[in-house]
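I opened this notebook to keep a record of what I looked up in one protein model. The entries follow the order in which I went through it.

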Amino acid sequence: MVKLVIQIPCYNEEKTLPSVLADLPKKIEGIKEIEVQIIDDGCTDKTVEVARKHGCHIVSYVGNKGLGVAFKTGMEEALHRGADILVNTDGDHQYPGKYIAELVQPILRGKADMVIGDRQTSKISHFSPIKKFFQWLGSSLTRFLSGTRVNDSVSGFRAYSKEAMLQLNVVSTFSYVLDTIVQAGKKGLKVTNITITTNKPTRSSRLFKNIFQHMKKSGSNLVRVFVMYEPFKFFAYVSGFFIVCGLIPLLRYLWFLFQGSGDGHIQSLLAGSVLLLSGVTLFGVGVLADLNAINRKLIEESLYMQKKGMYGGNEKLKGRKYER
Ligand SMILES: Nc1nc2c(ncn2[C@@H]2O[C@H](COP(=O)(O)OP(=O)(O)O)[C@@H](O)[C@H]2O)c(=O)[nH]1
Ligand SMILES: [Mg+2]
């Protein structure tokens with residue numbers, strides 16, 4: 001009795017939503033029920049009317065709160081409605097619906113908690129070489145920071161198991177795509193890819209105005225979530241850098257001091273001391289951040305237990321020989 005919820009976060013998608021909905025699978029082997037829900041992120045056009053006409057479940061709130069909030073709201077609603085698997089796709093018909101059946105397979109077979117549709121960005125003809133390069137760089141960095149083997153880190157075409165839905169906590173309002181991968185990696189969820197192709201663009205991206213804005217927002221997002229999950233590692237590296245930079249001029253000063261000519265090298269003493277002190281202070285900040293992270297972990301565990309109590313666990317999928 002596996003239930004799949006397909007969700008489409010929407011911000012003014014009245015034009016493309018009908019073709020997205022028409023393209024969704026009506027039946028998938030191994031899945032008993034498929035429900036479609038749209039998240040109305042403060043739409044000011046006829047998106048909600050279109051969705052209602054097609055019989056979708058609609059989740060609305062007041063105002064435009066951003067894709068991160070839309071996704072989080074949708075995930076909670078899916079749990080509430082008894083979803084065992086959640087698939088997320090875009091309202092601009094970027095992703096062909098035919099791949100959904102394939103996307104849920106690794107979860108149905110108990111081989112993954114999160115499946116990401118790899119758009120094969122290096123082969124997309126309308127992407128410029130610079131865009132392809134940054135896509136590659138972003139995904140490589142995400143792989144490094146998350147410890148997962150994700151090929152296309154910003155793809156919004158994904159499937160989540162119930163376990164993933166219970167464990168992932170989206171805290172960013174702007175976008176959730178990178179946070180969820182780093183979190184999944186740090187929480188030991190199994191992430192896998194399937195290869196997909198995308199439809200021709202129906203409009204330009206509304207999430208990013210240009211590639212530099214994309215890089216700035218995604219980069220800061222990625223660093224923030226990494227610091228959130230590995231604060232000690234992060235501060236230890238930064239502090240180590242300052243300490244080494246401080247020790248060099250300090251040792252230089254001491255060398256001259258023992259030679260009897262310390263007087264002319266006060267600059268080295270000053271620069272070295274400031275750098276060394278900064279390094280030690282940063283190490284202290286790292287210790288505090290690490291203690292704070294332990295609290296976050298405990299809160300997350302408590303949230304997980306609470307949600308599990310409310311929505312049940314992964315039992316229906318667990319029966320299928322869970323392989324890690
Ligand atoms: N741009 C934007 N999209 C949103 C927002 N909330 C939900 N969405 C939806 O998020 C999905 C991805 O947006 P899109 O512009 O296609 O981004 P891209 O695929 O990353 O280029 C679409 O289905 C949007 O309708 C929002 O506040 N801004
Ligand atoms: Mg899109």
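I began with burial: a residue is buried if 20 or more other C-beta atoms lie within 10 Å of its own, exposed if 12 or fewer, and partly exposed in between, with C-beta atoms placed from the backbone. I also noted that helices (H or I, at least four residues) and strands (E, at least two) are DSSP runs, numbered from the N terminus.

The model is a predicted one, in which local features need pLDDT of at least 70 and side-chain atom pairs count only at pLDDT 80 or more, while totals for chains, interfaces and linings use all residues. Residues are numbered from 1 along each chain as its sequence is written, and chains are lettered from A and ligands numbered from 1 in the order in which they are written.

**Entry 1, the whole chain.** I found 12 helices and seven strands in the protein chain, and its C-alpha atoms fill a box of roughly 85 × 45 × 35 Å along the principal axes. Of the 324 residues, 39% are buried. The domain assignment, which is automatic or from a database, gives domain 1 (3-229) and domain 2 (231-299), and the centres of domain 1 and domain 2, taken over C-alpha atoms, are separated by 42 Å.

**Entry 2, strand β1.** How many of the eight residues of β1 are buried? I counted seven, and the strand is thus mostly covered. Strands pair if DSSP finds at least two bridges between them, and β1 is joined to β2 (residues 33-40) by eight bridges, the two running parallel. In β2, isoleucine 39 is the bridge partner of proline 9. From β1 the chain passes through helix α1 (residues 17-22) to β2, and this β-α-β crossover is right-handed, a term for a path from the first strand over the helix to the second that runs clockwise with the strands pointing away from the viewer. I also saw β1 pair with β4 (residues 85-88) in the parallel sense over four bridges, where leucine 4 has isoleucine 85 as its bridge partner in β4.

**Entry 3, ligand 1.** A residue is near a molecule if its C-beta atom, placed from the backbone, lies within 6 Å of it. I found 18 residues surrounding ligand 1, and the closest are Tyr11, Asp41, Gly91, Ser205 and Arg206. β1 gives the most to this shell, with three residues, and β1 (3-10) and α3 (67-80) each supply at least two.

Most residues other than glycine have a negative phi. Asparagine 12, in the loop between β1 and α1, has a positive phi of about 55°. Asparagine 12 is partly exposed because 18 other C-beta atoms lie within 10 Å. Glutamine 120, in the loop between β5 (114-118) and α6 (129-146), has a positive phi near 55°, and with 13 C-beta neighbours inside 10 Å it counts as partly exposed.

Contacts are pairs whose C-beta atoms, placed from the backbone, lie within 7 Å; not counting residues up to four places away in sequence, glycine 286 touches Pro231, Phe232, Phe235, Ala236 and Ser239. Valine 287 is also in helix α11, but with 14 C-beta neighbours inside 10 Å it counts as partly exposed. Valine 287 and phenylalanine 232 are 55 residues apart in sequence and 6.3 Å apart in space, C-alpha to C-alpha.

Note on methods
Two residues are in contact if their C-beta atoms, placed from the backbone, lie within 7 Å.
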